[in-house]
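Dear colleague,

I am passing on the structure we spoke about, and I would be glad if you could read the notes below alongside it.

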Amino acid sequence: MKKDRLLWADDEIDLLKPYVLFLEEKGYEVVTATNGRDALDLCRQQPFDLVFLDENMPGLSGLETLNAIKETLPSLPIVMITKSEEENIMDQAIGNKIADYLIKPVNPNQILLTLKKNLHKTAIVNDALTQDYRQRFQEIGVMISQAATVEDWQEVWRKLVYWELELEQAQTGMDEFLQMQKMEADSLFAKFVARHYLEWMTRPESRPLMSPDLFKNKLFPLLDSGEHVWFILIDNFRFDQWRCIKPYLSEQFQIDEQLYLSLLPTATQYARNAIFSGLMPLQIQQMFPDLWVDEDEEQGKNLNEEPLIRTQLERYRKVCPFSYHKINDVAAGDRLLDEMRQLMDNPLNVVVFNFIDMLSHARTESKMIRELASSEAAYRSLTESWYRHSSLSSLLRYLAGQKVKVILTTDHGTIRVDNPVKVVGDKNTNTNLRYKLGKSLNYNPKQVFEVKQPAQYHLPSPNLSTSYVFAMNNDFFAYPNNYNYYVGYYKDTFQHGGISLEEMMIPLITLEGK
């Protein structure tokens, strides 16, 4: 095994022989220098894993040496050692991105601790994570098998997402075990939804919080108490993606994190329109036929969101001036930011951000985007990168300093599919890969959740014989015609519309500036 090589620069290096011997006994290779110039030359000539640097050396000072090394080797960890406790010296050193700061006289354990933090932290964390997850593996398995309520499944999903994000940061070899648990959870969750979904539709007073309930249960109480509210919806925004951007908001906001259930189909036309109207899809079609767009119509399925919001406000007798903005590109985001001062007088402002949905579709259609988002971790990373540089980030930074409440949520999530399931339908059958509706659909009923009487589920029926089928687990629907090409094109893409924790168990976040 390769030894870690250390450079120790100190004009009194002879007095530090015991420390050098201590480190060599611990398995480190130590090279010494008595001045900053020699230390700089050594760094240019040979590789080191870490540098101990005395702050007070004759000639080239410790801070000057630090700056010079960082210019050529910015990632090399440097530990500053000094007798001085002056705050300005500490500030200068920290400002130059030192790895650690030790005050003389140092003791061997301090030195060993800083080496572990800077050279062995990853290995130590990986070992601890592996051991911790092994201990939790059985516990999570029991939670999955015994989950009997929506609250149970919410806790399962929180655990799985937590461990997915933890394990992706480390090379533990435990990822496959977690994926097995996620697949088992999705399978059992789909059966849970299939057992209870009709009850949720027929007994709204006792169902869990779902898409049509958001305004009534979460938004209106805030408006009634006199709050000014920004309702921000990120299309196709999963719980794990929320957890990736959460650290960027935790310093600015007090965060109330909840989960709620998207209704079926987990698609914009149904779930998002249900949020903004406060109605089930069949109710929208019956009460506002001019605002409902059928599956076979070519126009966009989310073009009537602003009038749907207005109908819900009027139905609940909310006299509430509001604005509605849909952000599809940078220019639209910039226009929104330019209008912020005027919008602050509105009791309600609604904003829809479409980037993540566009990203998932682009990943299907573009080989380059598929390469960039080749895995779940890469997909999350692209989401995080988008957020950091987006108008949404600028908007939330501005709102953190205002007396407003922010509800940040989504209409549905998405799941990575890789198992084709055959469905046969006529030419009028819709094209979504995770749900189908049509007449005379032919499929294996054991592989799907079927709805033969859509009206009972508050779903529209273009024809009297219309039925719906929903994909479960990581399945996607494929036609027998040109089957191999179809499967090859859509396998390993992100899709939505069906039943899974990823699609249905989605974030509902309330933010208030600190």
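Predicted model: local features only at pLDDT ≥ 70, side-chain atom pairs only at ≥ 80, totals over all residues.

Residues are numbered from 1 along each chain as its sequence is written, and side-chain values use heavy atoms, with hydrogens and water left out.

Helices (H or I, at least four residues) and strands (E, at least two) are DSSP runs numbered from the N terminus, and two strands pair if DSSP finds at least two bridges between them. Six strands make up an open sheet of mixed pairing, in the order β7-β18-β10-β6-β9-β8. At its edges stand β7 (253–261) and β8 (322–327), each with a single partner strand, so one side of each is left without a neighbour in the sheet. The twist in this sheet averages 15 degrees from one strand to the next; axes here are lines fitted to C-alpha atoms, for helices over the stretch in contact, and angles run from 0 to 180 degrees between N-to-C directions. Strand β6 (residues 229–234) pairs with β10 (residues 405–409) in the parallel sense over five bridges, and Trp-230 stands opposite Val-406 in β10. Across β7 and β18 (505–513) lies helix α7 (residues 150–168), which runs at about 120 degrees to β7.

Helices α1 (residues 17–25) and α5 (residues 108–119) pack at an angle of about 50 degrees, with their axes 11 Å apart. In α1, Tyr-19, Phe-22 and Leu-23 meet Pro-108, Ile-111, Leu-112 and Leu-115 in α5, where contact means heavy atoms within 4.5 Å.

Strands β14 and β15 are joined in the antiparallel sense over four bridges, with Glu-450 opposite Val-469 in β15.

Lys-452 is placed in the loop between β14 (448–451) and β15 (466–471). Lys-452 is exposed, with a relative accessible area of 60% (buried means under 20%, exposed over 50%, partly exposed in between, with a 1.4 Å probe and protein chains only). Not counting residues up to four places away in sequence, Lys-452 touches Tyr-443, Thr-466 and Ser-467.
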